[in-house]
Amino acid sequence: REMMVYGLWGNVDNLAEVCTTRINYFFIKRFLGFAGVGLLDGGTRISESVWHISRSIGFLTNSQVAREKDPQKQRQITFRLLRLTFLGTFVAVVCLLCVPEWIFTDYLFSQEFKGITSVIRGLSVGIVAFGCHTILSQYLIASGHVRYSAASSCVGLIVLLIAGYFLIPAYGIPGAAVTSSLAFTAMACFSFWAFLKSSRK
């Protein structure tokens, strides 16, 4: 029964996280059509390439925390890898922001992707925040607090729906990028709160 409950919360976590990272596409399709979806998707995929850093470190976090039985050492491992992830994703995002738009429109894609840098800028804070959330989420899962991780994803989804309702109709694609950034930041904040709360026990 315990494994079933754990798996159920894990599925809730995964479903809410996927919805948080992709539901903006449906909003953009409704308000701006498929052309808007293409621009948002291009900027999102370029920005999310930074997550290779946090995903790689996240696997390391999960394995090390799961093997370690001492809660104090679990916290130390997580905090050390969290700082590494923040630094790595922050530097990568700053480098991405320094790429001029003509690189994307003239060489990587086409003129139809004009405005893609505004998507990247809107997502930048959220990309760093989500990278940090990934590490904290892996700690919560590996230490047996998967409910906190699921709750974090649900918080992000709720923030996305509320912010998107106001920002996307008013600001279009940049509004969708900022909406995602707000949702990712909310997830990171909740995960950090959960990390502090669970690590005190």
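Ser54 is found in helix H4, which covers residues 51–67, and in this predicted model Ser54 is buried, with a relative accessible area of 0%. Although Ser54 and Thr134 are 80 residues apart in sequence, their C-alpha atoms are 6.4 Å apart in space. Leaving aside neighbours within four places in sequence, Ser54 is in contact with Thr85, Gly131, Thr134 and Ile135.

**Helix H7**

- Helix H7 runs over residues 116–142, and 22 of its 27 residues are buried, so this helix is largely enclosed by the rest of the structure.
- At 1.5 Å a residue, the 27 residues of H7 should span 39 Å, and the C-alpha atoms at its ends are 37 Å apart, which agrees with that expectation.
- H7 also bends by about 45 degrees, and the bend is located at Leu123.
- After H7 comes Gly144, a residue whose phi angle is positive, with a value near 90 degrees.

**Nonpolar cores**

- In soluble globular proteins, nonpolar side chains tend to be buried together.
- The largest nonpolar core of this model has 26 residues, and those with the most contacts inside it are Ile28, Leu40 and Val119.
- Two or more residues of this core come from each of the helices H2 (24–32), H3 (34–48), H5 (71–97), H7 (116–142) and H8 (146–199), and H7 gives the most, with 7 residues.
- When neighbours within four places in sequence are left aside, Val119 is in contact with Leu39, Leu40, Gly43, Thr44, Ile173 and Ala177.
- Apart from this core lies another one, made up of 13 residues, among them Leu81, Leu136, Tyr148 and Ala194.

**Salt bridges**

- Side chains of opposite charge can pair when their charged atoms come close, and in this model the count comes to 2 salt bridges.
- One of them joins Glu48 to Arg22, with the closest N and O atoms 3.0 Å apart.
- Because Glu48 lies in helix H3 and Arg22 in helix H1 (residues 2–22), this pair ties together parts that are 26 residues apart in sequence.

**Aromatic rings**

- A search of the whole structure finds 10 aromatic pairs, including that of Tyr139 and Phe195, whose ring centres are 5.0 Å apart and whose planes stand at 80 degrees, so this pair is edge-to-face.
- A pair counts as edge-to-face when its planes are over 60 degrees apart, which is the cut-off that the angle of 80 degrees between Tyr139 and Phe195 passes.
- Since Tyr139 lies in helix H7 and Phe195 in helix H8, the pair ties together parts that are 56 residues apart in sequence, and both of these residues are buried.
- Elsewhere among the aromatic residues, Trp51, Phe130 and Phe184 form one aromatic cluster.

Notes:
Residues numbered from 1 in each chain as written. Predicted model: local features only at pLDDT ≥ 70, side-chain atom pairs only at ≥ 80, totals over all residues. Heavy atoms only, no water. Core = buried A, V, L, I, M, F, W, Y, C linked by side-chain atoms within 4.5 Å. Buried < 20%, exposed > 50% of the residue type's maximum accessible area, 1.4 Å probe, protein only. Helix = DSSP H or I, 4+ residues; strand = E, 2+ residues; numbered from the N terminus. Contact = heavy atoms within 4.5 Å. Salt bridge = Lys/Arg side-chain N within 4 Å of Asp/Glu carboxyl O. Expected span 1.5 Å × (residues − 1). Bend = angle between axes of the 7 residues up to and from the residue. Phe/Tyr/Trp six-rings, centres within 6.5 Å; stacked < 30°, edge-to-face > 60°.
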